[in-house]
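Subject: Structure handover

Hello,

Please find the structure below, with the sequence alongside. My notes on it come after.

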Amino acid sequence: MIGLVILLLAGPRHTHTVEIRGLAFHPAVLTVAVGDTVVWINRDIVPHTATGTRRKWDSGQLQQGDSGRYVASRTGRAPYTCTLHPTMTGMLIIGRE
Amino acid sequence: MFNRFAILALSFTLAATLHAQTTGTPAPAPAPDLSDPEVAHVAVTADNIDIDLAKFAQTRTHNAEVKQFAATMITDHTAVNAQASALATKLGVTPADNAVSQSLQSGATRARKDLDPLRGAAFDRAYIAREVAYHQAVLDAIDKVLIPTTENAELKKLLEDVRPAVATHLEHAKALKTRLGTGT
């Protein structure tokens with residue numbers, strides 16, 4: 001019961017998808033809420049990572065068709081990159097629930 | 001099947017550009033027509049050349065960024081090679097050695113010979129400069145010859161998929177070259 005109340009108070013969680021194609025993140029800038037899940041899907045031939053610049057998260061190498069996920073844990077701007085291709089950059093803007 | 005003339009043109013463009021960049025002299029006259037198996041061999045050879053040079057660079061460099069760049073070249077060109085080989089298999093093409101492949105390979109041997117005596121920052125600068133030239137030549141060939149003229153839909157799609165990787169490698173190498181400086 002308490003768990004249900006907490007769940008209701010917390011509000012709905014959303015899942016957002018970022019496609020990696022053409023050696024770029026689409027969308028490059030994504031606004032989410034704390035508790036939301038971001039899923040990266042690699043559509044490219046070559047492998048990629050989605051790695052927080054401050055190393056808060058790292059998807060590991062994603063081969064073509066693989067996906068990695070991150071649950072936004074606190075508010076703020078969270079820049080990330082592909083460690084294999086440092087010219088690829090993205091940004092999560094994490095707001096309150 | 002493969003668009004023989006388009007890939008042949010890529011081979012010559014690539015070979016000529018690399019030859020001119022590494023020797024400062026005009027490229028030798030183009031070889032005669034190639035069979036589809038020979039054309040497939042050229043594509044695999046071009047990929048393997050960059051993989052081999054990257055493996056050599058990993059044994060030589062002490063620069064973390066150069067080491068990471070080389071690792072990316074190995075990872076990406078291996079992935080591209082797998083796709084190219086899969087397409088060749090699907091199209092019934094078995095790669096066969098030929099004059100253009102041998103020309104590319106001898107150019108790579110020369111590059112390796114030029115890099116061999118170098119150490120430290122001098123090696124890093126020479127390796128990355130070579131990578132800038134190599135990827136620029138490949139990108140030019142893809143943009144100016146291959147994609148506009150290729151008729152086989154699957155091959156065109158593969159080229160279009162590979163192009164961003166080559167362009168990104170080029171930008172990565174250029175940025176590294178700037179950071180490494182001229183050494184003067």
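The notes below go through confidence, the contact between the chains, and then some local features.

This is a predicted model. For the complex, the predictor gives an ipTM of 0.81 and a pTM of 0.82. Chain B has a mean pLDDT of 80, with 76% of its residues at 70 or more. Within chain B, helix 3 has the highest confidence, at 93, while helix 1 (residues 4–23) has the lowest, at a mean of 46. Two stretches of chain B need to be read with this in mind. Residues 1–12 of chain B have a pLDDT below 50, and in the model this stretch has 37 contacts beyond near neighbours in sequence. Residues 19–32 of chain B are also below 50, and that stretch has 14 such contacts.

Now the interface. Chain B puts 16 residues into the contact and chain A puts in 12 residues. The size of an interface is often given as the accessible area lost when the parts come together. Here the area buried between chain B and chain A is about 1,100 Å², and carbon and sulfur atoms give 70% of that. Across the interface there are 0 salt bridges by the rule used, and 3 residue pairs are in polar contact, both residues being at pLDDT 80 or more. Which elements of chain B give two or more residues to the side that touches chain A? They are helix 3 (64–90) and helix 6 (153–180) of chain B. Helix 6 of chain B gives the most, with 9 residues. Sorted by class, the side of chain B that touches chain A has 6 nonpolar, 7 polar and 3 charged residues.

Helix 3 of chain B can also be checked for length. At the start of helix 3 of chain B, a side-chain oxygen of Asn63(B) comes to within 2.8 Å of the backbone nitrogen of Glu65(B). After helix 3 of chain B comes Gly92(B), with a positive phi near 75°.

Over all chains the structure holds 7 salt bridges. One of them joins the side chains of Asp116(B) and Arg60(B), at 3.4 Å from N to O. This pair links distant parts of the chain, 56 residues apart: Arg60(B) is in helix 2 (residues 36–60) of chain B, and Asp116(B) is in the loop between helix 4 (99–115) and helix 5 (120–149) of chain B.

Lastly, two backbone details in chain A. Most residues other than glycine have a negative phi, and most peptide bonds are trans. Leu23(A) is not a glycine, yet has a positive phi of about 55°; Leu23(A) sits in the loop between strand 1 (15–20) and strand 2 of chain A. The peptide bond from His26(A) to Pro27(A) is cis, with omega near 0°. Pro27(A) lies in the loop between strand 2 (25–26) and strand 3 (29–33) of chain A.

Regards

Note on methods:
Residues numbered from 1 in each chain as written. Chains lettered and ligands numbered in written order. Heavy atoms only, no water. Contact = heavy atoms within 4.5 Å. Buried area = accessible area lost by both parts, 1.4 Å probe. Salt bridge = Lys/Arg side-chain N within 4 Å of Asp/Glu carboxyl O. Polar contact = N/O pair within 3.5 Å; in protein donor to acceptor, adjacent residues only side chain to side chain. Helix = DSSP H or I, 4+ residues; strand = E, 2+ residues; numbered from the N terminus. Nonpolar A, V, L, I, M, F, W, Y, C, P; charged D, E, K, R; others polar. pLDDT = per-residue confidence, 0-100.
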